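Take a look at the model below.

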Amino acid sequence: MKFLKLSMILDLLQEMLWKLGFDGVEIHGAHGYLPDPFMKDEVKDRTDKYGGSLENCCRFPLELVEAVVNEIGADKVGIRLYPFGHHGQTGDSNPAALGLYMVESLNKCTLLHFHMVEPRIRATGEMCECPHSLAPVRKAFNGTFIAVGGYVQEDGNNAVAERAELVAFGIWFLANPDLPKRFAVNAPLNKYNRETFYNPEPVIGYTDYPFLEDVSYEA
């Protein structure tokens, strides 16, 4: 196993931006990736400065953001978080408070955007009934807020109207490479096949979904 020091990661970011032409980076702090379990108290048993209190649990992801911002500038940095998620048993006893603390702390950085997963999304990607909302987090954040959560056209529009400037589409864009066109003409959507997600072999379910003009639908 090869471990990367933070300095090496920052060097890779510089290469992505200046040599490869990327416009910016989004720190992935959701779905069980490294910053995620650091924040969640149901999986943390550290007793040093990175464990215990909410402030300590959030210390590492905030330090990571600060390091990246100092390296490439806040106007090129966004972050994605999922306080309500339980990927890899990384749950939190008070996800609403966690989300608000991170937002209020990140307001000091003037990031390009804050990207958060809807509370209704389970670890499996399926939707469920949930009493929580992204509205308090959106209200607290001073910048551009992006919401994601299995949206189709109607509830995506509702999210923009109620709790976000932008919405992200993942699985529906994967299954519908011409998703904006389908929304524009109110066309049916290809159904995604979750069994093909993340499978290295066989390579199916990534670039082989049909475009609208390649199929015919009954009216």
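## A lysine in a loop

Which residues does K40 touch, not counting residues up to four places away in sequence? They are Y82, P83, G85, T90, G91, D92 and L98. Keep in mind that this is a predicted model.

K40 sits in the loop between α2 and α3. Is K40 buried or exposed? Its relative accessibility is 0%, so K40 counts as buried. The cut-off for buried is under 20%. The side chain of K40 also makes a polar contact with the side chain of D36, at 2.9 Å.

## Helix α1

Helix α1 has 14 residues. From its first C-alpha to its last, α1 reaches 19 Å. That is close to the 20 Å expected at 1.5 Å a residue.

Which residues of α1 are buried? L10, L13 and L17 are. Seen down the axis of α1, its buried residues fall within an arc of 55 degrees, so they line one face of the helix. Here is the general rule: an α-helix has 3.6 residues a turn, so residues three or four places apart point the same way. The face of α1 turned away from the buried side carries the exposed residues D11 and K19. Cover for the buried residues of α1 includes β1 and α4. After α1 comes G21, with a positive phi near 85 degrees.

## Helix α4

Helix α4 covers residues 59–72. At 1.5 Å a residue, its 14 residues should span 20 Å. The end C-alpha atoms of α4 are 20 Å apart, which agrees.

The buried residues of α4 are F60, P61, L62, L64, V65, A67, V68, V69 and I72. What covers them? The list includes the helices α1, α2, α3 and α5, and the strands β1 and β2. Just after α4, G73 takes a positive phi of about 100 degrees.

## Aromatic rings

How many aromatic pairs does a search of the whole structure find? It finds 8. One of them joins F38 and Y50. Their ring centres are 6.1 Å apart, and the planes are at 85 degrees. This pair is edge-to-face. F38 lies in helix α2 and Y50 in the loop between α2 and α3, so the pair ties together parts that are 12 residues apart in sequence. Both F38 and Y50 are buried.

Elsewhere, ring pairs link W172, Y192, F197 and Y198 into a cluster.

Methods:
Residues numbered from 1 in each chain as written. Predicted model: local features only at pLDDT ≥ 70, side-chain atom pairs only at ≥ 80, totals over all residues. Heavy atoms only, no water. Phe/Tyr/Trp six-rings, centres within 6.5 Å; stacked < 30°, edge-to-face > 60°. Helix = DSSP H or I, 4+ residues; strand = E, 2+ residues; numbered from the N terminus. Buried < 20%, exposed > 50% of the residue type's maximum accessible area, 1.4 Å probe, protein only. Expected span 1.5 Å × (residues − 1). Contact = heavy atoms within 4.5 Å. Polar contact = N/O pair within 3.5 Å; in protein donor to acceptor, adjacent residues only side chain to side chain. Arc of directions from axis to C-beta.
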